[in-house]
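Subject: Structure for your files

Hello,

Here is the structure I said I would pass on. My notes on it follow below.

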Amino acid sequence: MTDTVLDRFLRYVVIDTQSDPRSPSQPSTEKQKDLGRVLVEELLAIGITDAHLDEHGYVYATVPTTTTKNNVPVICFCSHMDTAPDFTGTNVKPQIIENYRGGDITLVGDRSQVIRVSDHPELDRQVGNDIVTSDGTTLLGADDKAGLAEIMTAAKFLIDNPDIKHGAIRILFTPDEEIGRGVDKVDIAKLGADFGYTVDGETAGHIEDETFSADGIEIFIRGVAMHPGFAIGKMENAIKIAGNIVARLPKELTPETTAGRDGFIHPTDIRGSMDKAQISLIIRDFTEKGLLEKEELLEDIVKAVMTKFPGSTYSLEVKQQYRNMKGVLDQHPEIMENAIEAIHRAGMLPVRGSIRGGTDGSRLSYMGLPCPNIFAGGHAFHSPLEWISRQDMDRAVTTLVELAKLWEERA
Ligand SMILES: [Zn+2]
C-alpha cells in the first residue's frame, strides 16, 4: 500500500459508491460501506485506533492532540463517500495524464467525450500538472473521493509528525450526501467537535461560507372527475390544473435563467390523473426573505389558477430542506479567518464564494457544528468529464495541515 494523495485517490475511485434517492434504507446503497471499510482499515494502519464504521454507514476517527494547550477547539474534517446518481460510477477506469501539455483532453473509452479548454478554462492553469480523468464511460468520483484522499493524507502526515502542534482532529466520512441525506444519522454528540470543514469544493484556493437556503414544496390538487361523455360544464381535470400552474411559473425565476445570488422556483416532478395531481417543486434563495417571497408567489399562482376551477381544491406543503450556513458562520468569524490564512500559507490566493446548492456543512452548521466548505480540487462534478490534478490535491492536503496548526497557534 502506498501513501500519496494520488495513490489513495486511485484506490477509492474504483470502489462503486453511488447513492440512490429512491432507496429508503440507510445508507441508501450497501456498497457505500465497501469504501467505508477500506477507509477504516487504512485509518487503523496509520495508527488511528478509534476508527470505525457505524451501522448507518458513517466513518468516525480521531487524530489525537499533540499540544499541551488545553483550549484548542476540536476541529472536524468531513467529506462524503458516495457519488452522484446522475451518472454511473461502476467500473471507473481512472486515466492519468502526466505533465499535461495544454489543449483539449479526449477520453479514451468514449472519444465523443472531450474535456475542452473552452468549457474548462481552469485547465489553462494546469499545464505541467498530472491530471486524472475517467475513461469517459463513467464519472470519476473526485466529488468527493478527492476530499477523502486529502483528509486521509493529512491525517497520516500529522500522525507521522507528532512534533507538529495541533488540537484533536475529528474525521467524519458520510454516505448519501448527493441525495441530501448525508447528515441524517450523524451523532453530533459522539463527534464532539467544536467546528468543522467539509472538503468538498472545486477550484484550488476556494472556500465557501454561503449556501442556498432550500425548501421542498408539494402541491396536491383534487379535481372533479367524471365520464368524459357527460362532462360538459362539470369536469375539472386535475392534470390540466397542474399544467396551468406549471405554465404560469415566472420565466425569470428558473435554474436555467438565474445565476450568482438569484434564487429560483423549480418543478422537479409532476404526476396526475383526472381526479388528482401532485406537483413537487424546490425553492432556492440565499435569504430567508427571498425564500418566503417565492413561496408566497407560488401560492398566489396556485390560488389564481384554482379560481377557474371552482369545484376543485388544493393543499400546499412546505418542507424545510436546509438553510444558508452563513447565518451560523458569521457568529464565529475565526472559522473562516483560519481557513483563509491556511490557504495563504499553502501558497494560494484564497477566493471566498457561495454555493448555488447545499453541502453536508449547511445542515451540520444548524445542528451545532459550524462548517464551511474548502476546495477539494475537482472539476465538472457529476459528469463523465470530471477531472482533477494531483498538484491541487497536494495543495488541499497542505491546507488541512496548516489549518490544524493554525487553530493551535491561535488558541
Ligand atoms: Zn460533493
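**Helix α8**

Helix α8 runs over residues 333-345, and at 1.5 Å a residue its 13 residues should span 18 Å; the C-alpha atoms at its ends are 18 Å apart, which agrees. The expected span is taken as 1.5 Å times one less than the number of residues. Helices (H or I, at least four residues) and strands (E, at least two) are DSSP runs, numbered from the N terminus.

Two remarks on the source. The model is predicted, so local features need pLDDT of at least 70 and side-chain atom pairs count only at pLDDT 80 or more, while totals for chains, interfaces and linings use all residues. Residues are numbered from 1 along each chain as its sequence is written, and side-chain values use heavy atoms, with hydrogens and water left out.

The buried residues in α8 are Ile 335, Met 336, Asn 338, Ala 339, Ala 342 and Ile 343. They cover an arc of only 165 degrees around the axis, which puts them on the same side of α8. Buried means under 20% relative accessible area, exposed over 50%, and partly exposed in between (1.4 Å probe, protein chains only). The arc is that of the directions from the helix axis to the C-beta atoms. As background, an α-helix has 3.6 residues a turn, so residues three or four places apart point the same way.

The buried residues of α8 pack against β9 (195-201), β10 (206-211), α7 (326-329), β15 (351-355), β16 (373-375) and α10 (390-409). Contact here means heavy atoms within 4.5 Å. After α8 comes Gly 347, with a positive phi near 90 degrees.

**Helix pairs**

The axes of α8 and α10 come within 8 Å and cross at roughly 130 degrees. That makes α8 oblique to α10. Axes are lines fitted to C-alpha atoms, for helices over the stretch in contact, and angles run from 0 to 180 degrees between N-to-C directions. Angles under 35 degrees count as roughly parallel, over 145 as roughly antiparallel, 65 to 115 as roughly perpendicular and the rest as oblique.

The α8/α10 crossing is right-handed. A crossing is left-handed if the near helix is turned anticlockwise from the far one by less than a right angle, and right-handed if clockwise. On the α8 side the residues in contact are Glu 334, Ile 335, Asn 338, Ala 339, Glu 341, Ala 342, Ile 343 and Arg 345, and they meet Thr 399, Glu 402, Leu 403, Leu 406, Trp 407 and Glu 409 of α10.

Another pair is α5 (residues 238-247) and α6 (residues 288-306), which pack at about 135 degrees with their axes 9 Å apart. α5 and α6 are therefore oblique to each other, and their crossing is right-handed. Ile 241, Asn 244 and Ile 245 of α5 make the contact with Ile 301, Val 302, Val 305 and Met 306 of α6.

**Helix α1**

Val 5, Leu 6, Arg 8, Phe 9, Tyr 12 and Val 13 are buried in α1. They cover an arc of only 160 degrees around the axis, which puts them on the same side of α1. Among the elements that cover these buried residues are α2, β4, β7, α3, β17 and α10.

Ile 131 is in strand β7 (residues 131-133) and is buried, with a relative accessible area of 0%. Leaving out residues up to four places away in sequence, Ile 131 touches Gln 95, Ile 96, Ile 97, Tyr 100, Ile 105, Leu 123, Gln 126, Trp 387, Ile 388 and Ser 389. Tyr 100 is 31 residues from Ile 131 in sequence and 6.8 Å from it in space, C-alpha to C-alpha.

Asp 360 is in helix α9 (residues 360-366) and counts as buried at 6% relative accessibility. With residues up to four places away in sequence not counted, Asp 360 touches Cys 78, His 80, Thr 174, Glu 177, Gly 182, Val 183 and Thr 198.

**Backbone points to check**

The peptide bond from Gln 26 to Pro 27 is cis, with omega near -5 degrees; Pro 27 is in the loop between α1 (5-13) and α2 (32-46). The bond from Asp 143 to Asp 144 is also cis, with omega near 5 degrees, and Asp 144 lies in helix α3 (residues 142-160).

Asn 99, which is not a glycine, has a positive phi near 50 degrees. Asn 99 is in the loop between β4 (95-97) and β5 (105-106) and is partly exposed, with a relative accessible area of 35%. Ala 380, also not a glycine, has a positive phi of about 55 degrees and is in the loop between β16 and β17 (387-389).

Regards
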